[in-house]
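My notes follow the structure.

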Amino acid sequence: MVSATSFQIDLPAQLIERAQRGDVAAFEQIYRRFERPVFTLALRMLGEPEAARDTLHDTMLKAFERIAQFRGDAPLWAWLRQIATNEALMRLRRGDHLNASRDVPDFDTLADDAPAPWAHADARALEAALAQLPAVTRSVLWLYHVEGQTHPEIALAMGKTTSFSKSQLARGTARLRAILDPETAEPEVEPCLLPTT
Amino acid sequence: MPAADNLSLGEALRALPLAAPPGDNWAVLAERLPRARATPSRRHRLVLPAALAAACAVAFVVVQRTHAPADTATVAHVAASSSTNGTDAQTVSSEAESTRLAQLQQRSAALERWLRDTGRNAAPLQGQDLAAATEIENLIGLVDVELAAPRQTQAQALWQRRVGLLEDLTALRYSNYRLAAGGEVAAAYSID
């Protein structure tokens, strides 16, 4: 999958080495470049600016603690993104969002070739639609489409199955369609909660 | 935002503008940085004394199995080396590195297998143990990011670190497994 994540910022090796030696000024340069990508990732996953800001803070603190362990085989942005994802997921776990997996109704009946409403939606409308999704569903969408993670990778990070990731992606995509273009969406059917006898 | 009719959801999401946090968050962070460097991985460190003790037992139960093929490989390697006169030292060194890398990978796989097969019978971790396990798993994730890179110059160091972290995690899970097993395992592999 081709990924054009906003994290993809290459840094000079010298800057990383200085930060690894504990040079706070060098680390500040790294912070300044990644502040918005980290905050955006956290905001998309958690949906709350305050929680996203805390995630940014904790991510950068951990990055500073651990940067000396970074060996340099992978780009620093990928390493930093992993810390940010972990921090956001930890907050989702604390809020018990990862167990709330059945709160997006199935829209599997929608045709795959239905017109994509996000092609004509402006950024604000798409952001508003995203905000209506449950945090875990939105996180799967974001990690898959924007950060380029695979279903097995998402499943592992969330402590769930690959099917869970796939189903969240399908349901979230269908839900976004329904929010952005309610006229073409299938009617939303509430799950039947009748007691079994 | 791109406006093509066939715009994929991924393209639409990636085209969203970056969000900026309010205020000067660097100033708040900068105040904590020197202390952060002075106390690295605090939560992870808390679990290590217990992990080290339990690792003695785990080493017997889990890791020993992975040593057998590695030892055989080492013996074969030494035999091969000694029977070849004038062997290039660089080649021997490279072979030794490959052997060591294979050992680490086998050990990593064995520990993961144990965690998957046996660890699932353990009682769920709670409180500080859960936090420590999550942190170790996150650290393994960071190592894996580097191991996934196409260019590998530090593979042995990374695999060594991965095995070390898996051993810590195994020790943590093993303690719970012993509790869930009602002491039977503890009796068999006592570390006291």
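**Helix against helix**

I worked from a predicted model. I looked up helix α6 (residues 135-145) of chain A and helix α8 (residues 162-180) of chain A: they pack at an angle of about 95°, and their axes are 9 Å apart. Angles of 65 to 115 degrees count as roughly perpendicular, so α6(A) is roughly perpendicular to α8(A).

Next I listed the residues that meet. From α6(A) I noted V136(A), T137(A), R138(A), V140(A), L141(A) and Y144(A). Facing them in α8(A) are S165(A), Q168(A), L169(A), R171(A) and G172(A). I sorted this contact by class and got five nonpolar, four polar and two charged residues.

**Domain against domain**

I then checked how chain A is divided: domain 1 covers 13-97 and domain 2 covers 105-180. Their C-alpha centres lie 24 Å apart. How many residues of domain 1 of chain A are in contact with domain 2 of chain A? I found nine, and they meet eleven residues of domain 2. On the domain 1 side, α2 and α4 of chain A give two or more residues each. α4(A) gives the most, with four residues.

**Chain against chain**

Last, I turned to chains A and B. Their contact takes 42 residues from chain A and 42 residues from chain B. On the chain A side, I noted that α2 (24-46), α3 (49-66), α4 (76-94), α5 (123-131) and α6 each supply at least two residues. Which helix gives the most to this side? α2(A) does, with ten residues. By class, the chain A side has 24 nonpolar, nine polar and nine charged residues.

Definitions and conventions
Residues are numbered from 1 along each chain as its sequence is written. Chains are lettered from A and ligands numbered from 1 in the order in which they are written. This is a predicted model: local features need pLDDT of at least 70, side-chain atom pairs count only at pLDDT 80 or more; totals for chains, interfaces and linings use all residues. Axes are lines fitted to C-alpha atoms, for helices over the stretch in contact, and angles run from 0 to 180 degrees between N-to-C directions. Angles under 35 degrees count as roughly parallel, over 145 as roughly antiparallel, 65 to 115 as roughly perpendicular and the rest as oblique. Two residues are in contact if their C-beta atoms, placed from the backbone, lie within 7 Å. Ala, Val, Leu, Ile, Met, Phe, Trp, Tyr, Cys and Pro count as nonpolar, Asp, Glu, Lys and Arg as charged, and the others, Gly among them, as polar. Domain bounds come from an automatic or database domain assignment.
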